[in-house]
Amino acid sequence: MSSSTWKNNERVIAKKANTRRTPLSGSNSAITSSDTLHEHFFIEAKQRKKIPFYKTFKETEKKAKKEKKIPMVVIHEKYSKKRLVIMDYDTFINNFKYEPP
């Protein structure tokens with residue numbers, strides 16, 4: 001995968017979040033190791049040929065559409081206390097706003 005492909009992915013993600021891609025993103029940056037300069041979210045942008053939960057999400061998306069609901073997949077690793085949410089990025093950006101405490 002050429003570097004311009006993943007850099008472009010980072011730019012698109014940053015723009016939709018009303019921020020910018022971190023110059024020299026990742027651990028090479030002196031500003032942040034996040035891929036964007038977002039004020040509140042630490043965004044790690046990944047682009048892969050295959051994503052393990054993508055098929056699960058697509059199936060959930062179809063079911064949710066029938067019920068006019070927002071699709072969300074919650075994954076949990078056995079013995080972990082954390083649960084992670086997988087949802088469409090545009091849906092997240094357009095529907096959920098961060099309110100600092």
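1. Threonine 22 has a relative accessibility of 0% and therefore counts as buried, where buried means under 20% relative accessible area, exposed over 50% and partly exposed in between, with a 1.4 Å probe and protein chains only. Threonine 22 sits in the loop between H1 and H2, and its side chain reaches the backbone oxygen of threonine 36 at 3.1 Å.

2. A word on the basis of these values: this is a predicted model, in which local features need pLDDT of at least 70 and side-chain atom pairs count only at pLDDT 80 or more, while totals for chains, interfaces and linings use all residues. Residues are numbered from 1 along each chain as its sequence is written, and side-chain values use heavy atoms, with hydrogens and water left out.

3. The structure holds 2 aromatic pairs, a pair being rings of Phe, Tyr or Trp (its six-membered ring) with centres within 6.5 Å, called stacked if the planes are under 30 degrees apart, edge-to-face if over 60 and tilted for the rest. The rings of phenylalanine 41 and phenylalanine 92 have centres 5.7 Å apart and planes at 70°, so this pair is edge-to-face. Because phenylalanine 41 belongs to the loop between helix H1 (3-16) and H2, and phenylalanine 92 to helix H3 (residues 89-95), the pair ties together parts that are 51 residues apart in sequence; helices here are DSSP runs of H or I with at least four residues, strands are E runs of at least two, and both are numbered from the N terminus.

4. The rings of phenylalanine 92 and phenylalanine 96 have their centres 6.0 Å apart and their planes at 25°, so that pair is stacked. Phenylalanine 41 is partly exposed at 29% relative accessibility, as is phenylalanine 92 with a relative accessible area of 27%, and phenylalanine 96 is partly exposed at 38%.

5. S1 and strand S2 (residues 83-86) pair in the antiparallel sense over 4 bridges, pairing being assigned if DSSP finds at least two bridges between two strands. Isoleucine 75 has leucine 84 in S2 as its bridge partner. The two strands, S1 and S2, form a hairpin with 6 residues between them, and tyrosine 79 in the turn has a positive phi of about 75°.

6. Methionine 72 lies in the loop between helix H2 (54-66) and strand S1 (73-76), and at 41% relative accessibility this methionine 72 counts as partly exposed.

Key. Polar contact = N/O pair within 3.5 Å; in protein donor to acceptor, adjacent residues only side chain to side chain.
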